[in-house]
Amino acid sequence: MRSIPLSGSKFSLDASGVAGFFGGDEAVSAMATVHVYQGRKWLGWYNSPGSYLIAKRYGQLANSRFWDGLFPGVNTDPATLFELDGLKGPKFKGVESGSIIPETGHLASLMAKECQLKQGIDVPGRKTQPVGVTIVDLHYVPDATMAPKQLKKYTSALAFIPMSVSVGTCIACAFFEDWYSFSMILLGIIASGISCLVIGSGKFTFRHPIPSPGAPRGDGLLLTDNNIIVLLGQEGAVNSITRGKFSLNFESEPEYRNIGICSLILTAQFIAQLLLIPQAELFGQIMFITSLTVSWAYNSWLSSLDKGEIQRRLLLDVVLKRPLMTKYMLGTRTTMAVFVLLALNPSDPVKILDDILPNDTKVWRKWKSIILSRLRDGEKMHFQSADWDGGGFDGSETMLLKTLLGDAQAAYDGYADHQKLH
């Protein structure tokens, strides 16, 4: 038998108690990337920490009395568990269809976030309460059900680092015949690899409703606090955002027995580590901790990736084929209202204008009638003194009407510049 390094040391590392918990949150978060990155499910063959927390989290998918007893908790669907669904989106108003969705879902929330982060083009004019308007031209109607192509990233290359370290430490333990550490590292590699394969076997799909034959265009507004999103496109393209969903489907559903078995293996791994790692030599314990540490660092890096950004890229680049998106910053809500009307060109602008600006005083009614008249006749919104003088208004009312018409002119000029760019 070869002499094991550090065999004479009286010092002992009892890593068994933390092996199942250390790095558990990072490992759970890293596991959620197996469905969005190409090849990720094949690259889980390393001694990952946090086996007990992974088993506890994903064991809740398994749906039967037996599994509920082993892994108690609320049974949920895979898409929600892997954070591919569950967010609440802004209110949607369909301009031509008349549909109103008080609270949209996950994909509309992703779209709202993308628009919020986008840099806006400043539209010259009066500034009081700036509002963003993002025009989204949805030129592509996705299939009713499709499997989005997984993203390519250097995660695959980096995965070889923890895999190499885990295999290397396992071989080192075998070379010096520390079979306790060898078996525990090997068990960790196998348990993690199988779990990645099984959890990654879920089919990642996108679904949205098929519009009725003869349905009008889906043009509409997503309304957030400081940003109006103008969706332009066919009903099938728009409802991809307002009613579409990401989902995960497993062959073992609805019981998800294979995921339950994986969770059971991970739990058994945790118990085995608890019992056997204290029996290992100091060298083997160091090898075991080394493999865990490198794997934890890799899991931490995976969990640091912005999952919202990943899903936004899947939605916009893969599902919707990169719609044209342009954001403008408008200085007042009046400017915003006119800009939105020009972008939508609705068949019934009266209702849209009243929805956006419910103001109903004498001055506002006059302003609305002027704006709607110009929209109907297709005239330029360049105003003269005759437009605001007269009409029985006193000095302050005349000044307000002139100011509001100036806002409308700024919106008109800003939208004319937008048309030149597109």
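Q: Where does Asn345 lie?
A: This is a predicted model, and it places Asn345 in the loop between α14 (333-344) and α15 (349-356). Asn345 counts as exposed, at 63% relative accessibility.

Q: What should I look for in its backbone?
A: Start with the general idea: most residues other than glycine have a negative phi. Now the case here: Asn345 isn't a glycine, yet its phi is positive, about 50 degrees. Lys321 has a positive phi as well, near 55 degrees. You'll find Lys321 in the loop between α13 (307-319) and β10 (324-330).

Q: Which ring does Lys321 lie over?
A: Lys321 lies over the face of Tyr140, 5.8 Å from the ring centre. Lys321 itself is partly exposed, with a relative accessible area of 41%.

Q: And how do I read peptide bonds?
A: Most peptide bonds are trans. Here, the bond from Glu253 to Pro254 is cis, with omega near 10 degrees. Pro254 belongs to the loop between β9 (245-249) and α11 (257-276).

Q: How many aromatic pairs does the structure hold?
A: It holds 15 aromatic pairs. One of them joins Trp179 and Phe182, edge-to-face, at 5.5 Å centre to centre and 90 degrees between the planes. These two are about one helical turn apart, because they sit three residues apart in helix α9 (residues 179-199). Phe250 and Tyr256 have planes at 85 degrees and centres 5.9 Å apart, so that pair is edge-to-face.

Q: Are Phe250 and Tyr256 buried or exposed?
A: Both are buried. Trp179, by contrast, is partly exposed at 47% relative accessible area, and Phe182 is partly exposed at 23%.

Terms used
Residues are numbered from 1 along each chain as its sequence is written. This is a predicted model: local features need pLDDT of at least 70, side-chain atom pairs count only at pLDDT 80 or more; totals for chains, interfaces and linings use all residues. Side-chain values use heavy atoms; hydrogens and water are left out. Rings of Phe, Tyr and Trp (its six-membered ring) pair if their centres lie within 6.5 Å; planes under 30 degrees apart count as stacked, over 60 as edge-to-face and the rest as tilted. Helices (H or I, at least four residues) and strands (E, at least two) are DSSP runs, numbered from the N terminus. Buried means under 20% relative accessible area, exposed over 50%, partly exposed in between (1.4 Å probe, protein chains only). A charge sits over a ring if NZ of Lys or CZ of Arg is within 6 Å of the ring centre and within 35 degrees of the ring normal.
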